[in-house]
Amino acid sequence: MAEPSARPGPGPDYSPSGPAPGRHPHANQQFARPVGPLTGNGYTPAGPPPPAPAPAPQQPVQEPQPKGRNVVRSSLLMGAGSLVSRITGFGRTVVISAAIGAGLLGNSYTTAQYFPQMIYELVLGGVFASIIMPLFVKAHKNDPDGGDAFAQRLLTLAALVLGAAALVVTLCAPLIARAMAEPSQYDLVTEFSYLMLPALLLYGLFAVLSGVLNSREHFGAPMWVPIINNLVVITVGAVFFLVFTRDAVPGPGGELFATADQVTNGMILLLGGGTTAGVLIQVLCLAPALRRAGFRWRLRFDFSALPLRDIRRMAAWTLLFVVANQLAVMAVIKVANAASGNAADDQFVPGTTVYNNAYLMMMMAHGIVAVSVITALMPRMTRAADDRRWSELTEHLSSGIRLASFLLVPIAAAFIALHEPIALAIFQWGAYDHTMAVATGQALLMVGVVLMPFSVSQLQIYAFYAQTDTKTVGLFNLPVIAIRIGGYLLAFALLPLEWVVVGLLAANGVSYLVSLLLSMSLLRKRVGLLGMRKTLNGLVRTGAAALIAGGAAYAGWLAWPDVSGSKLGQLGASIVLGIALLGVYLAACLVFRVTEMASLQATVRARLRR
């Protein structure tokens with residue numbers, strides 16, 4: 001499943017530290033509200049101030065307990081959970097792809113899997129990430145009951161809203177399938193959707209319950225239980241492969257499950273029901289952590305105590321951003337399905353599954369590297385913006401771009417130079433045959449081209465979030481999305497069907513570049529020079545090093561023996577040539593005196609001296 005555009009929210013990108021100690025005089029003024037008769041509204045304690053306590057006998061002064069170790073421990077726990085979650089999530093994609101392939105069945109399953117998360121983002125996702133999570137923290141800090149009443153009301157409201165939305169969209173599954181799929185997919189996508197759209201309620205409950213835990217500084221469960229979901233779906237894929245794929249007979253074009261007649265109700269029930277069961281288990285696994293945090297959920301319907309008017313007002317711009325992005329998701333699914341749906345009966349044309357797998361490769365690289373950099377820099381950028389220290393904010397942004405580029409450029413070079421052996425090694429299993437893997441490799445090459453514009457544009461967007469400015473992001477995102485959707489339509493109209501998916505990724509890249517230039521221009525007008533000369537100098541040096549390393553790796557691949565029929569050979573080529581690319585890249589960075597390479601050397605030397 002393709003991830004949504006990066007934005008602040010609970011989970012790997014959400015800072016676990018909560019509000020900074022003390023209150024800045026201008027911080028969060030939109031939440032200020034006179035004390036009223038109600039409690040649990042997420043603002044301030046209700047009722048008259050408590051009487052002053054009697055003077056206590058003087059006690060020996062105790063040293064405050066250091067919290068740094070707890071923050072470091074929580075950060076390490078979240079980082080480890082995020083990494084393992086991304087790895088198992090990618091393993092889930094590989095196993096499911098091997099079980100169902102990238103043809104009719106794979107594209108139909110992938111299309112249906114998009115629906116519940118798309119609708120969740122539209123109904124609650126953007127609002128929760130930008131507005132409700134800070135209110136959880138404030139309610140836990142300020143309300144006499146530790147925010148329990150606030151959380152119970154919000155959970156009840158979310159369950160009602162998302163439950164109603166899940167019921168409506170599940171009943172509308174045939175209409176959604178006709179809007180997003182091709183005629184040959186209608187029945188399969190509809191049947192999958194009946195089983196998977198109810199997960200909309202589960203995604204919402206998981207997000208809100210995770211917010212309750214994070215506001216109480218219980219970070220482990222929200223980070224680690226998605227791994228259980230991934231393991232459940234991996235098990236589903238393995239069972240499907242053993243029961244159905246292993247003995248399946250290929251069609252005339254060599255593709256498994258090429259027609260809807262070859263897909264049984266048992267297959268649909270296992271895949272669709274198993275995927276939703278993974279989300280259900282993920283939610284249920286939060287229960288022990290909630291008990292340890294001292295939270296009990298009971299239904300509360302006094303929603304007037306919630307700051308609904310303020311939430312609606314503050315969420316408007318975030319919703320604009322979310323809606324625009326979901327329109328682009330809908331467009332890319334429709335175009336990818338149209339490309340594969342218009343292919344001849346005996347011709348494989350890449351569709352939604354190939355696009356999704358290549359996109360997930362990009363998001364995994366971005367998530368492991370760029371999101372880690374964003375997480376480390378966000379508190380510093382926010383403090384600098386809050387104090388209007390613009391030069392400090394721009395220095396943090398510039399250093400973050402340089403560091404992320406130093407780490408991402410060799411990954412991009414590997415995607416470009418070694419796209420074929422990487423795709424063959426990772427994806428050529430079971431129903432995902434050689435032709436499908438080669439097509440995924442061609443898409444991966446384009447991912448290597450667009451990876452850097454995407455990550456840099458996301459880093460710059462977070463500079464606006466550091467200023468608590470969602471309006472600007474929402475507004476300049478509109479022309480970016482328009483360009484992206486226009487690129488999708490041009491790719492479908494102008495390119496041969498087998499190259500449409502590559503064209504879709506190229507359209508993404510053009511929109512990322514426009515986003516980068518627009519955000520850079522707006523940031524420069526607001527905070528001054530961004531230090532881009534220094535950043536550009538670093539990018540040129542690392543780019544030159546990657547060009548040399550990628551060229552050497554590609555030459556090695558051309559000289560490598562044919563591995564099309566050998567899984568061991570594919571893995572060996574990817575690993576050996578990938579290590580060689582990294583070695584040449586680091587050596588070239590030393591020659592070109594890349595600043596980050598010097599910092600890496602100093603760190604290694606310091607470690608070795610210990």
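Tutor: Let us begin with the scale of burial, where buried means under 20% relative accessible area, exposed means over 50%, and partly exposed covers what lies in between. Please keep in mind that this is a predicted model. Glu395 has a relative accessible area of 39%, so the residue is partly exposed.

Student: What makes Glu395 and Arg402 a salt bridge?

Tutor: The rule asks for a side-chain nitrogen of Lys or Arg within 4 Å of a carboxyl oxygen of Asp or Glu. The closest N and O atoms of Arg402 and Glu395 are 3.9 Å apart, which means that the pair meets the cut-off of 4 Å. Arg402 itself is buried, because its relative accessible area is 12% and the limit is 20%.

Student: How many salt bridges does this rule give, and which residue does Lys334 pair with?

Tutor: The count comes to three. Lys334 pairs with Glu182, with 3.7 Å between the closest N and O atoms, and this pair links distant parts of the chain, since Lys334 belongs to helix 10 while Glu182 is in the loop between helix 4 (173-180) and helix 5 (186-196), 152 residues apart. Lys334, at 28% relative accessible area, is partly exposed, whereas Glu182, at 12%, counts as buried. Another bridge joins Arg389 to Glu392, whose closest N and O atoms are 2.7 Å apart; Arg389 is partly exposed at 30%, and Glu392 is partly exposed at 29%.

Student: Why is the pair of Phe240 and Phe244 called tilted?

Tutor: Ring centres must lie within 6.5 Å to pair, and planes under 30 degrees apart count as stacked, over 60 as edge-to-face and the rest as tilted. For Phe240 and Phe244 the centres are 5.0 Å apart and the planes make 50°, so the pair falls in the tilted class. The two residues are four apart in helix 7, and therefore about one helical turn separates them. Phe240 is buried, with a relative accessible area of 0%, while Phe244 counts as partly exposed at 22%.

Student: What makes the pair of Tyr355 and Tyr359 stacked?

Tutor: Their planes are 15° apart, which is under the 30 degrees required, and their centres are 6.0 Å apart, which is within 6.5 Å, so the pair is stacked. Both residues lie in helix 11 (residues 352-386), four residues apart, or about one turn of the helix. Tyr355 is buried at 5% relative accessible area, and Tyr359 counts as buried at 7%. A search of the whole structure finds nine aromatic pairs, and ring pairs also link Phe90, Phe427 and Tyr432 into a cluster.

Student: Which residues of the largest nonpolar core touch the most other members?

Tutor: Among its 156 residues, they are Leu271, Tyr355, Met362 and Leu504. Helix 14 (residues 434-466) gives the most to this core, with 19 residues.

Student: How do you know that Val335 is buried, and what is Val335 in contact with beyond its neighbours within four places in sequence?

Tutor: Its relative accessible area is 8%, and this is under 20%, so Val335 is buried. Val335 is placed in helix 10, and apart from those sequence neighbours Val335 is in contact with Tyr488, Phe492, Val500 and Leu504. The C-alpha atoms of Val335 and Tyr488 are separated by 7.0 Å, although the two residues are 153 apart along the chain.

Student: Where does Trp297 lie, and what makes Trp297 partly exposed?

Tutor: Trp297 is in the loop between helix 9 (287-292) and helix 10 (308-341). Its relative accessibility of 36% is between the limits of 20% and 50%, so Trp297 counts as partly exposed. Together with Leu160, Leu299 and Phe301, Trp297 forms a nonpolar surface patch of about 430 Å² of accessible area.

Notes:
Residues numbered from 1 in each chain as written. Predicted model: local features only at pLDDT ≥ 70, side-chain atom pairs only at ≥ 80, totals over all residues. Heavy atoms only, no water. Patch = residues over 30% accessible without salt bridge, like charges linked within 9 Å, V, L, I, M, F, W, Y side chains within 5 Å. Areas by Shrake-Rupley, 256 points an atom, 1.4 Å probe, with all protein chains shown as cover. Buried < 20%, exposed > 50% of the residue type's maximum accessible area, 1.4 Å probe, protein only. Core = buried A, V, L, I, M, F, W, Y, C linked by side-chain atoms within 4.5 Å. Contact = heavy atoms within 4.5 Å.
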